[in-house]
Amino acid sequence: MIPLNIKTHYTLCESLIKPDKLALKIKDCCAVVDKNTLSGIVKFKEEIGKAGKKGIIGIDINLNGEFVILLCKNYSGYQSLMYYVSKLGAEQKIDFETIQEKNSGLICITRSMDNDFINQLKKIFKTNLYIGLETPSKELRILSKDLKIPCVAIPEVCYLNQQDKQDHE
């Protein structure tokens with residue numbers, strides 16, 4: 001299983017993970033998706049490359065009050081993420097208009113149970129939309145099946161070791 005929801009210390013006050021330590025700890029591949037920032041991406045890609053592993057660039061971004069994970073499929077996706085970050089503004093969120101303006105090269109994972117929200121995402125991302133399960137959820141699996149949108153596991157990773165969690169608390 002590829003971890004798709006790793007936060008680094010660039011997600012302030014939530015994670016202690018540093019890109020260099022992450023690169024040494026993962027097996028083959030992972031995705032870094034800090035909240036509303038791409039600040040750690042350069043360091044992440046540099047460290048993951050040095051370790052001979054693969055990294056997926058992403059972001060956990062506030063879209064109309066709901067956080068969605070956006071993962072890059074290619075350089076076009078990276079450009080889309082850069083565009084979104086530039087549009088965040090003081091409220092630290094973007095809207096559906098911004099997503100519709102530029103969305104190529106991205107995969108979207110939502111945790112939302114709101115049908116209207118999910119249907120708007122489905123119109124934009126089509127087959128590149130997934131429902132994310134942070135913990136096992138019968139309701140989200142049923143919703144996934146009803147809407148014909150695949151599920152993916154996205155447990156949030158903010159610590160590399162149990163001791164880090166205890167130290168942070």
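Biologist: Why is Asn 36 called buried?

Modeller: Asn 36 has a relative accessible area of 12%, and buried means under 20%, exposed over 50% and partly exposed in between, with a 1.4 Å probe and protein chains only, so Asn 36 counts as buried. This is a predicted model, in which local features need pLDDT of at least 70 and side-chain atom pairs count only at pLDDT 80 or more, while totals for chains, interfaces and linings use all residues. Residues are numbered from 1 along each chain as its sequence is written, and side-chain values use heavy atoms, with hydrogens and water left out.

Biologist: Where does Asn 36 lie, and what is its phi?

Modeller: Asn 36 lies in the loop between β1 (29–32) and α2 (41–50), where helices (H or I, at least four residues) and strands (E, at least two) are DSSP runs numbered from the N terminus. Its phi is positive, about 55 degrees, although Asn 36 is not a glycine. Lys 126 is another non-glycine residue with a positive phi, near 50 degrees, and Lys 126 is placed in the loop between α5 and β5 (129–133).

Biologist: What makes Lys 126 count as exposed?

Modeller: The relative accessibility of Lys 126 is 57%, which is why Lys 126 is counted as exposed.

Biologist: What makes a set of residues a nonpolar core, and which residues have the most contacts inside the largest one?

Modeller: Such a core is a set of buried Ala, Val, Leu, Ile, Met, Phe, Trp, Tyr and Cys residues joined through side-chain atoms within 4.5 Å. The largest has 38 residues, and Leu 70, Leu 81, Leu 121 and Phe 125 have the most contacts inside it. Helix α5 (residues 115–125) supplies the largest share of this core, five residues. A second, separate core has seven residues, including Leu 4, Ala 31, Ile 69 and Ile 109.

Biologist: Why is Tyr 83 called partly exposed, and which residues does it touch?

Modeller: Tyr 83, in helix α3 (residues 75–87), has 22% relative accessibility and therefore counts as partly exposed. Contact means heavy atoms within 4.5 Å, and, leaving out residues up to four places away in sequence, Tyr 83 touches Thr 98, Glu 101 and Lys 102. With its neighbours within four places likewise set aside, Phe 125 is in contact with Leu 70, Ile 99, Asn 103, Leu 106 and Cys 108.

Biologist: What residues make up the lining of the largest pocket?

Modeller: The lining divides into ten nonpolar, no polar and three charged residues, where Ala, Val, Leu, Ile, Met, Phe, Trp, Tyr, Cys and Pro count as nonpolar, Asp, Glu, Lys and Arg as charged, and the others, Gly among them, as polar.
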